[in-house]
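Take a first look at the structure below. The paragraphs after it lead you through it step by step.

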Amino acid sequence: MGAGIPLSYYLVLGTLLFSIGLWGALTRTNAIRILMCIELMLNAVNLNLVALNRYLDPGSVQGQIFGLFIIAIAAAEAAVGIGIVLMVVRRRGEVDINKIRLMRG
Amino acid sequence: MESAWLIPVFPLMAFVLTVFFGRRLGERAGWIGVAGMLAATALAAAVFRDAVASPEGYASSFPWLQIGDFELRVGFRVDNLEAALLIMVSFVSLMVHVFSLGYMHGDARYNRYFALISLFTAAMLGLVISDNALFWLLWWEIMGACSYLLIGHWFEERENQAAAYKAFITTRIGDVLMMAGFWYMFKLTGSLRFEDWQAWVQHNAGAGMDFTRAMTVAALLIFGGAVGKSAQAPLHVWLPDAMAGPTPVSALIHAATMVAAGVFLIARTYFIFEQSTTALAVVAFLGAFTAFLAATIAVVQSDIKKVLAYSTVSQLGYMVMALGVGGYTAAMFHLWTHGFFKALLFLGSGAVIHAVHTQNMHEMGGLARKLKVTAATFAIGMLALSGIWPFSGFYSKDEILLAAYHSQYPALFWAGAVTAGLTAFYMTRALILTFFGRPRDPERYEHAHEGGPELTWPLILLAIPAFAAGFLAPTLFKAPVHEFITFGEHVGGHEPESLVVLVGTLFAVGGILAGIVVYGLGWISTRTLRAALEMPYYVLREKWFFDWAYERVVLGGSMLLARVVAGIDRLVVDGLVNGVARVVVWLGDVTRRWSTGLVHTYMLTLFAGVVALALLILQVTGGLR
């Protein structure tokens, strides 16, 4: 691996990705976009985990295993999330989450 | 005598059979009850013969329950007294059953009626031979329930329902006191058996003030049960109202069962009363007061059954008074003879009501020409109740007066004598108003006719002991009465006293003559009498204001209490509940503002939470290394 690249580069990239994801999730109103942004945040975390694992404790693989788990769970989450959005669109013809307020107290 | 326990089993079986097969059998179901009572009477007669032959009696018991150190033994006992009562109760009940065959003909709830009178009789028979307080209580309560159901037999009328409630609740007040008394005796002796109680009491007799005080408390509590069940003042109010039931039921309640149980309760626990002169005095004076009170009220009643009802209260007062002055034998003997002639009188009144369809004596009159058997037997019952020689009532009443005469309270003797005079007077009045003079309601008179054999034969058969039970008793018992029914040598019989006989007979004859003068010959018109005695007449008409006072004090008191409780309920309890609800509503109102339904809000909240958590962890762990 690129021994010349310092750890901080990875961390900065992870932070950037996470922030973009967060910003998107909080500002977009399209449900599909929000799901994509959440995916982005998850991958930013993955990047952090793998990088920290490699630099701080090179002999072990915990961070990488965590990453694999998160990828699997993210896949499941995306499937469920997109399924829900699909049903909502079918029933209401609407992907704008601001217009779907069924849970309002 | 070993098989005496079977006596209550026969009517009990009749009850069960009638309940299960009564509907299918229709009116033939009544014969089940009659058969049961016939078997019980035959067995009671056999037991009675054995009791006469062997004076020591028979008792049998077995351990039923073992709870820790406490062993509950149950069983039965038959002594001379029990044997005499068994034959009286079963015979009277048999007559009532037969009478009911005719009287209840065509009734909508014929089977229910017969099932219940069989159960009622079974309970009384079981009670008589109980040897422990637990069984006693069991039968006692079954009787209470039966009386409630039978008094309210025609429950379509609200009035009858009310009478049933009244009987049940009033006697229940006494029952609670009795239970407390039983419990107290159990605490003292650690046993529920009357035998153990007696042994304990006699072992500790004369042990000092504390013991006497304990015995007074126990005796008065148990007496409370008798006051309720035997309709003594001030709990006598239910018995006259109990007339709402069918007339044969009245005969059963007033003669053989129920009210007899109360007096028998005092006799059964007499060893407790004996230890306390206070308790005995209370018993004696309350009995005498009740006897006099009820006799005076009976004088002004116009309902034939009410007259008899008050006369029962009065006669029970007589028995209670006798127990109070140590006349154990006299009281039990009177209970025995009274059972016969009071059943006769009630069944006689039932035959009259059956014939004329009214209970008001002012609508009767002259019925002797139409109802010959009823009139003759009613007259026998009336003479027995008035205490005229040689009818049965004379002997037992004489015993009671004798006991009162020899007691330390001579006033009781005179109260008894005056009551005897009043008794003779009102019975004469009832007899004349019903059977003699001109018919006051010609239409009813025209339609009146004697009932069938099932109505007349019980009257005839009951008239025999009502007439002869007094002078035949020593022959039947093969011993003088006070030796046959005895509690102990120191409360045994007294020598007959000619003065007592003279006074008793004088008052009785005087009462009858007064009755004839007023109601038969009409020398003094009732209107003049009423005008002359306006005030006393009013008091008697109002039954000494007992019902009025109950209405005011008990009913008004409960209403007041109910209102207070309702207020507390509304203010405190409801306030608490509603307050909790209101707080929850307020909290919900506040928190629901978070649930906007907007995904962004949730996400923001989530993120804020994560940040807060991260900051907290940093704070706790001291930051990154």
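How many helices and strands does chain B have? Chain B has 26 helices and two strands. Keep in mind that this is a predicted model. The C-alpha trace of chain B spans about 125 × 65 × 55 Å along its principal axes. Chain B holds 625 residues, and 50% of them are buried. Now consider contacts in chain B between residues at least 6 apart in sequence. Of these, 81% join residues at least 24 apart.

Start with the two strands. Strand 1 of chain B covers residues 58-67, and strand 2 of chain B covers residues 70-78. They pair in the antiparallel sense, over nine bridges. One position shows the pairing: B:Phe62 stands opposite B:Val74 in strand 2 of chain B. The two strands form a hairpin with two residues between them. In this hairpin, B:Gly68 takes a positive phi near 60°.

Next come two helices of chain B. Two packed helices are described by the angle between their axes and the distance between the axes. Helix 16 of chain B (residues 372-386) packs against helix 18 of chain B (residues 410-435). Their angle is about 170°, and their axes are 9 Å apart. Angles over 145 degrees count as roughly antiparallel, so helix 16 of chain B is roughly antiparallel to helix 18 of chain B. Which residues make the contact? Helix 16 of chain B brings B:Ala375, B:Phe378, B:Ala379, B:Met382, B:Leu385 and B:Ser386. Helix 18 of chain B brings B:Thr423, B:Ala424, B:Met427, B:Leu431 and B:Phe435. By class, this contact has nine nonpolar, two polar and no charged residues. An α-helix has 3.6 residues a turn, so residues three or four places apart point the same way.

Now turn to the loops. Most residues other than glycine have a negative phi, and most peptide bonds are trans. The loop between helix 8 (209-229) and helix 9 (238-241) of chain B holds B:Pro234. The peptide bond from B:Ala233 to B:Pro234 is cis, with omega near 0°. B:Ala231 is also found in the loop between helix 8 and helix 9 of chain B. B:Ala231 is not a glycine, yet its phi is positive, at about 55°. Is B:Ala231 buried or exposed? B:Ala231 counts as buried because it has 32 C-beta neighbours inside 10 Å.

Two other loops lie on either side of helix 16. B:His357 sits in the loop between helix 15 (328-356) and helix 16 of chain B. Phi of B:His357 is positive, near 55°, and this residue is not a glycine. B:His357 has 11 other C-beta atoms within 10 Å, so B:His357 is exposed. B:Pro390 lies in the loop between helix 16 and helix 17 (392-406) of chain B. The peptide bond from B:Trp389 to B:Pro390 is cis, with omega near 0°.

Finally, move to chain A. Helix 2 of chain A (residues 31-56) has 26 residues. At 1.5 Å a residue, helix 2 of chain A should span 38 Å, and its end C-alpha atoms are 38 Å apart, which agrees. Buried residues in helix 2 of chain A include A:Ile34, A:Cys37, A:Leu42 and A:Asn46. What covers the buried residues of helix 2 of chain A includes helix 1 (7-27) and helix 3 (62-92) of chain A. Where the chains meet, 10 residues of chain A are in contact with 10 residues of chain B. The side of chain A that touches chain B has six nonpolar, two polar and two charged residues.

Note on methods: Residues numbered from 1 in each chain as written. Chains lettered and ligands numbered in written order. Predicted model: local features only at pLDDT ≥ 70, side-chain atom pairs only at ≥ 80, totals over all residues. Contact = placed C-beta atoms within 7 Å. Nonpolar A, V, L, I, M, F, W, Y, C, P; charged D, E, K, R; others polar. Helix = DSSP H or I, 4+ residues; strand = E, 2+ residues; numbered from the N terminus. Buried ≥ 20, exposed ≤ 12 C-beta atoms within 10 Å, placed from the backbone. Axes fitted to C-alpha atoms, helices over the stretch in contact; angles between N-to-C directions. Parallel < 35°, antiparallel > 145°, perpendicular 65-115°, else oblique. Expected span 1.5 Å × (residues − 1). Pairing = 2+ DSSP bridges.
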